[in-house]
Amino acid sequence: MGKRIPLKADTGSKCDLCTSSICCTYVTQEIDKPTTIRDFDILMWQMYHKDVQIYTEDRRWYLKILNSCLNLLPDGRCGIYDERPFICREHENEFCEYDESTEKSADLFFGSADALDKYCKKRFKSWKKRFKKKKK
Ligand code: SF4
Ligand code: SF4
């Protein structure tokens with residue numbers, strides 16, 4: 001994620017065409033692969049928050065938070081271009097979100113708590129009963 005050529009000038013770069021600078025409008029974090037009902041219940045809690053998504057790629061799970069970088073200038077340039085982090089410098093635009101959204105490129109994609117809930121209902125027979133206390 002994160003790149004940015006210094007100027008949105010016509011340099012022939014794909015990034016020039018990407019007027020919303022997509023890769024500067026979110027953060028991602030790899031998370032532990034969820035396996036238990038409890039793990040997925042934690043993901044539900046995360047998904048109940050605004051602008052949070054979850055996706056998988058090559059069997060790895062990621063949290064994606066849609067929130068623009070504070071250094072992104074209104075014209076799409078990076079306000080700290082010379083000081084931008086390594087991850088921004090190393091981000092490739094050969095095949096990026098401009099070509100295909102995460103929703104389409106991900107193996108699994110959850111854009112809402114409802115979507116994750118639906119998946120969990122299929123995955124765990126007891127998902128809907130998870131809050132019921134076990135009788136002793
Ligand atoms: S999403 Fe791709 S095309 Fe758009 S600014 Fe980032 S690297 Fe460039
Ligand atoms: S630091 Fe610059 S290149 Fe990196 S995400 Fe922010 S605006 Fe984009």
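Is Pro-34 buried or exposed, and what is its relative accessible area?

Guide: The model is a predicted one, and in it Pro-34 has a relative accessible area of 3%, which falls under the 20% cut-off, so Pro-34 counts as buried. The residue is found in the loop between strand S1 and helix H2, and, leaving aside residues up to four places away in sequence, Pro-34 touches Asp-39, Phe-40, Leu-43, Trp-61 and Arg-123. The C-alpha atoms of Pro-34 and Arg-60 are separated by 9.9 Å, although the two residues are 26 places apart along the chain.

Helix H2, residues 37–47, lies across S1, S2, strand S3 (60–66) and S4, and runs at about 135 degrees to S2. Those 4 strands form an open sheet in the order S1-S3-S2-S4, with antiparallel pairing. Strand S1 (26–31) and strand S4 (108–110) stand at the edges with a single partner strand each, so one side of each is left without a neighbour in the sheet. On average, and with direction ignored, neighbouring strands of this sheet are turned by 20 degrees against each other.

The pairings can be followed across the sheet in its own order. S1 and S3 pair in the antiparallel sense over 6 bridges, and within this pair of strands Glu-30 stands opposite Tyr-62 in S3. S3 is in turn paired with S2, again antiparallel and over 6 bridges, with Ile-54 standing opposite Leu-63 in S3. The hairpin of S2 and S3 has 2 residues between the strands, and Asp-58 takes a positive phi near 50 degrees there. Finally, S2 (residues 52–57) is joined to S4 by 3 bridges, the two strands running antiparallel, and Thr-56 stands opposite Leu-108 in S4.

The largest pocket has a volume of about 430 Å³, and of the 17 residues that line it, Tyr-26, Tyr-55, Glu-57, His-91 and Glu-97 are the closest to its centre. S1, S2, S3 and helix H4 (102–105) each supply at least two residues of the lining of this pocket, and the lining residues divide into 7 nonpolar, 5 polar and 5 charged.

Note on methods:
Residues are numbered from 1 along each chain as its sequence is written. Chains are lettered from A and ligands numbered from 1 in the order in which they are written. This is a predicted model: local features need pLDDT of at least 70, side-chain atom pairs count only at pLDDT 80 or more; totals for chains, interfaces and linings use all residues. Side-chain values use heavy atoms; hydrogens and water are left out. Two strands pair if DSSP finds at least two bridges between them. Axes are lines fitted to C-alpha atoms, for helices over the stretch in contact, and angles run from 0 to 180 degrees between N-to-C directions. Contact means heavy atoms within 4.5 Å. On a 1 Å grid over the protein atoms alone, a cavity is a set of points where a 1.4 Å probe fits but cannot get out, and a pocket is an open set with protein on both sides within 12 Å along at least five of seven lines; lining residues have an atom within 4 Å of a point. Grid points are joined across faces, edges and corners, and a volume is the space filled by probe spheres set on the points. Ala, Val, Leu, Ile, Met, Phe, Trp, Tyr, Cys and Pro count as nonpolar, Asp, Glu, Lys and Arg as charged, and the others, Gly among them, as polar. Buried means under 20% relative accessible area, exposed over 50%, partly exposed in between (1.4 Å probe, protein chains only).
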